[in-house]
Amino acid sequence: MEKRTYYCGKVRAEHIEQIVNLYGWVHSRRDHGGVIFIDLRDREGLVQIVFQPDKKELFNKAEKLKPEYVIGIKGNVRRRPEGTVNPKLPTGEVEVVAENLEILNTSEVPAFEISDFSDVSEEIRLKYRYLDLRRTNLKENLVLRHHIAQSIRKYLTGQGFIEIETPFLTKSTPEGARDFLVPSRLSPGSFYALPQSPQLFKQILMVSGFDKYFQIVRCFRDEDLRADRQPEFTQVDLEMSFIDENDIITLIENMLTNVLKDTMNIDIKVPFSRMSYQQSLDEYGSDRPDTRFDMKLTNVTEIVESSRFKVFSETVKSGGQVKSICLKDGAKISNTEINRLAEFAIEQGAKGLAWLKVIDTGPLPELESPIKKFFTDEELKKIVEKTKSVPNDIIFFVADKINVANNVLGTLRLHLAEKFDIIKDKKTMEFIWITDFPLFEWSETEKRWVSMHHPFTMPREQDLGLIDKFPECSVPDITGRAYDLVLNGVELGGGSIRIHKMDLQNRIFKILKIDEKETKERFGFLLSALTYGAPPHGGIALGFDRFIAILTGEDSIREVIAFPKTQKGICPLTNAPDVVSLKQLKELDIEIKLPQRDK
RNA sequence: GGGGACGUAGUGUAGCCUGGUUUAACAUGUCGGCCUGUCAAGCCGAAGAUCGCGAGUUCAAAUCUCGUCGUCCCCGCCA
């Protein structure tokens, strides 16, 4: 094969009068009888090839070309005749007059058109992913993903970080997500687990003295899938020694500033704002607040606790709270629409959705609502004041246990923002750090305290005393040195300062009711490492797929992953997972009860 | 484990609510023909669907009912 001169998509006016060799796929053929145009496509884009009838043999050959044939063209780059320039194409000023055509391969008729305009179901796209990946959008997403990964590597390397690979075949650890298991042939009956994250290994690397580690690494979790969750996903994982929270936070802020400028020429403001976990729950009803718009939740419990409206007062009496959210200009929405919002709130777990439309705020507020008769003018006035409502607003209320009220209103807040198009600037990027997380949360299903992040998170200095007093202490008051990074309401990642002393780690396990024997079996290796001079350390992991999805404006991380899986965890391209042969099972000393397909 | 939406030529949709006037429509692609400046080319013509699968109701089912499979969204679960 003759050497390729340029990528198709890179031919420009400066190449005019050059003889070039181009290779690519036939994107489309426009046959005018006397002249044939071919759009030739490769990963960099399209260029127009012209076949003219004076070269009879060549012309006849070009008539046989069909979509997705792979061809080589030798031709002369020339300026397009006046009036035929195509401003939509980067190559639109020029065209290549074919002098030779080599058909390198034919193609079946593709299952769908390789067009940026065609609309194809995701099921079909995944089955023919190799065709889907020829389309501009998906291709560009992966290219951007590559550039960002490289930019991150470059930045971290410049900061003295060392990329070290950690094992995929590793050990199952309790806490956190369900593990993917891999049977061991050499140790029949034993299983490796695929890592949910390199957490333990990166901490051990700190003990080893590597000081600054990072890895762009695949992680695995055997949990149900979502638009932003795949069973295997990629994290930017890093860990540092001799640092505190602010070092990690600053590093990530600078890294993102550099990477976004470098790859997309986007400027972001640093430092990012910070908010405590508690404030985030209070004001946004969520620990991953979308701060692109205001519309904060307001707690009106004190105002309504002694009102005649029993739904509110009884809820407060039984330990619940009443929270509200104010929708600007919401008074115009119809009762049908309000009912629909109430249904939404009920689906999210609320018992109902009360509302007040603000007609006038006056000296005494004028309101419209089926529940206004239960409140005194004084109470109504306070509600309007506290929620900072103005005429034409509507206030929604949820009375329930605090976490239900927060959750429902937090979700309703996002729902309203979507429905009434409240986020005007779609390109804005609102980063925010959430800090001061509780170290533990109560698990109703397991009837014990579990780690909010993971069991290696360092408690705050001032809370160490509380840990010693367990179980007499107030466990919810123990705060961890953890931080989450949130971008536009999406949790991008999180990290913490870790425990580097064995005795503290053991006391944490005690609170978590992970018994000593189990502790030793599961991660005795880490505890052992901690006794051999573990330095103070901490780190963070960022969800790489989610980050790229936000940057590309995609709703699903499947759009930034070359070969993703469906919601049932199936790969339509390869048909994985699949049954295996009896021979393979026998080698693993595994018998299964499920019906087997003969193999 | 639960809730919801969807499944009709290669692809994307309409038809379904209100069963029969449907020989299942439209767009695009495919195939054949015409055409020397198009570029999401155009014009003429053709082929292409047992309406996801199974059962039921009915004189009659793409249409109604039940089950089942698959895809997507969400809750639970999960950093």
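Q: Quick overview first. How many helices and strands in chain A?
A: Chain A has 17 helices and 22 strands. This is a predicted model.

Q: What box do the C-alpha atoms fill?
A: Roughly 95 × 70 × 55 Å, taken along the principal axes.

Q: And what share of the residues is buried?
A: Buried residues are 34% of the 599 in chain A.

Q: What about contacts between residues at least 6 apart in sequence: what share joins residues at least 24 apart?
A: That share is 65% in chain A.

Q: Domains next. Which ones are assigned?
A: The assignment lists domain 1 (8-105), domain 2 (293-419) and domain 3 (438-479 + 504-525).

Q: What separates the centres of domain 1 and domain 2?
A: The separation is 64 Å, taken over C-alpha atoms.

Q: Switching to strands. Which ones make the closed barrel?
A: Five strands, in the order S1-S2-S3-S5-S4. The pairing is mixed. From one strand to the next, the twist averages 55°.

Q: How do S1 and S4 pair: parallel or antiparallel?
A: Antiparallel, over seven bridges. S1 covers residues 19-31, and S4 covers residues 70-79.

Q: Which residue in S4 stands opposite Tyr23?
A: Gly72 does.

Q: How does the surface near RNA strand B split by class?
A: It has 17 nonpolar, 18 polar and 18 charged residues.

Q: One more residue, Ser241. Which strand is it in?
A: Ser241 sits in strand S10, residues 232-241.

Q: Why is Ser241 classed as partly exposed?
A: Because 19 other C-beta atoms lie within 10 Å of its own. Buried would take 20 or more, and exposed 12 or fewer.

Q: What does Ser241 touch, leaving out residues up to four places away in sequence?
A: Met206, Asp211, Pro535, Pro536 and His537.

Q: And where is Thr336 relative to Ser241?
A: Thr336 is 95 residues from Ser241 along the chain. Their C-alpha atoms are separated by 58 Å.

Note on methods: Residues numbered from 1 in each chain as written. Chains lettered and ligands numbered in written order. Predicted model: local features only at pLDDT ≥ 70, side-chain atom pairs only at ≥ 80, totals over all residues. Helix = DSSP H or I, 4+ residues; strand = E, 2+ residues; numbered from the N terminus. Contact = placed C-beta atoms within 7 Å. Pairing = 2+ DSSP bridges. Axes fitted to C-alpha atoms, helices over the stretch in contact; angles between N-to-C directions. Domains from an automatic or database assignment. Nonpolar A, V, L, I, M, F, W, Y, C, P; charged D, E, K, R; others polar.
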